[in-house]
Amino acid sequence: MDLDDPAHSGILKRFNQTRHRLEKSNKRARTHENEDSQLPDVNSERESASVVRAEGIQPLPQPEQTRDKKHRSRLQWIVEPEMVSPSQTAPFESLGLSDHMVTKLHDLGYENAFAVQTAVIPAVLKAQSCLGPDPLANVLVNSYTGSGKTLAYTVPIVDCLLNRRKPAPRAVVLVPTRPLLVQVMQVFESLVKGTNLHPMALRSERPLQKEREQLLKNTPDILVATPGRLVDHLTESPDLLKQLRFLVVDEADRLLGQSFQEWASVLAKACPVQIRPVAINEPWARPPQRLVFSATLTRDPGKLEALQIRTVPTAPHLFIVNDDIGDAEFVMPAKLTENLVRVKTLIAKPLALVTLLIENSLSDHAIVFVRSNEAAARLARLITLISQNLFHKDLVVGPVSGEMPVAERKRVLRQFASGEVNVIVCTDLIARGIDVPGVTAVINYDLPVGTREYVHRVGRTARAGTSGSAWTFAISSAERQHYWVMQNGITRTNKIEVSHFDVDTESQTYKDVLEQLGKEVLS
Ligand SMILES: Nc1ncnc2c1ncn2[C@@H]1O[C@H](COP(=O)(O)OP(=O)(O)OP(=O)(O)O)[C@@H](O)[C@H]1O
């Protein structure tokens, strides 16, 4: 209460007057031990009633404040998240996993758990070990790009489901894009090898009916899907998820930004709800444990509400992998260096890009982001032409965009991962979640639309503790301003470097190259 506020000081004054009168009247009652004298003084009661209704010697009822307190305690997990230092690594043996899983992880080359895994794996295992119908503590995670969030949920899920007892999907993992779906599926497949667990990806490129038949026949334990495809199946088979134990929402802020087919409410209706048995032999059920991940997780309770994160009676865990919460919402990988590249004109941009790639030895394994499918195709061709004609180098460049056939896109990504393709030019389709080890640089040829997109794009490099660099082109003061605005709310180890790029756009060879591209586009 603000005592300087005239309204509040008036309330306080009236409260003190009333309390004073009540104290006087109670004292009188105790002194005389006379039943009549215990009644409050009629005059003073009238007086106090005209002021405010008093209820014993209690503070005056303050409904707003009570509600606010309750509200606050329900949101305590958001207000005071559990901070996890990025340096907090531990052997997988120490996290409560089965011997089978620890051996499997070692076989796959994972020795120690990354920070996010040391926090999330024990929290999930502990919640899942609770028997009975009590709701499980949900887990929400904000951890920087490339920090190992995928293993943080796939490992405990597989470990918990190892003793397969029910032929029904018990885990659903939602992801925003098909490339990410393929990647998560590969991680599950590597973890379940040698067990009787069966993961399945729901793919929108397949006929729905055929996939449904497969779903009924194979009874997968784990489903990996995009929300739209899952909704299609739930419409046909509303009981599909009745045995669900885990609901993972990866890249949650992105998915929550999509209201496609009202997926969150359809999914909420399809999940088991709390059923507390009245007698010991009665059936019970509890909602699946929600595991929610992103490098840019929203902490807006209003937005998270769609996921039905239970806050009572078990408060969720909100893990933030960062040394210092400060004011920053997001954190950059420690070994990422960032550069703002000032280029004078639009026409200089392609040449500046190729010069940057070649002169800074970035051309081996780089990702260039542009804003449209068309720009991806055009710039990929232009990089090839410029590198051949002006630098006498044969860079292998491939576009990756949403309009390409899925098989073709997969091929380019596979070749990029194996090193056959040096540079990919892509849209935001692969800005999130995609993990290609060894990417040396990310170049924002076109500016991303906002902070979140920036964080995810540049996070395709400097992953899993490795080094990498990010370069963002800006040709006007408006673009530079946008760049600096995007940096608000990001915490980083390395200072951003600003460089100027002057290239000769007047050379005849460059003009010829641009003309050739123009002709190719028109033909
Ligand atoms: N404990 C570990 N030891 C060694 N490598 C690991 C470990 N955990 C994960 N990795 C590797 O780190 C890389 C990044 O992991 P992952 O893709 O899960 O990151 P992420 O946090 O989900 O990133 P993003 O936010 O970009 O989706 C992967 O190549 C993965 O194999």
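Four aromatic pairs turn up in this predicted model, where rings of Phe, Tyr and Trp (its six-membered ring) pair if their centres lie within 6.5 Å, and planes under 30 degrees apart count as stacked, over 60 as edge-to-face and the rest as tilted. Here are two of these pairs:

| Pair | Centre to centre | Angle between planes | Type |
|---|---|---|---|
| Tyr454 and Tyr483 | 5.9 Å | 85° | edge-to-face |
| Tyr483 and Trp484 | 5.1 Å | 85° | edge-to-face |

Tyr454 sits in helix H17 (residues 451-458) and Tyr483 in helix H18 (residues 477-486), so their pair ties together parts 29 residues apart in sequence. Helices (H or I, at least four residues) and strands (E, at least two) are DSSP runs, numbered from the N terminus. Together, Tyr454, Tyr483 and Trp484 make one aromatic cluster.

How well covered are these rings? Buried means under 20% relative accessible area, exposed over 50%, and partly exposed in between (1.4 Å probe, protein chains only). Tyr454 and Tyr483 are both buried, with Tyr483 at 0%, whereas Trp484 is partly exposed at 39%.

Now for the strands, which pair if DSSP finds at least two bridges between them. Strand S16 (residues 441-444) runs parallel to S13 (residues 366-369), joined by four bridges. S16 also pairs in the parallel sense with S17 (residues 468-474), again over four bridges, and Val442 stands opposite Ala470 there.

A word on the method: residues are numbered from 1 along each chain as its sequence is written, and side-chain values use heavy atoms, leaving out hydrogens and water. In this predicted model, local features need pLDDT of at least 70 and side-chain atom pairs count only at pLDDT 80 or more, while totals for chains, interfaces and linings use all residues.
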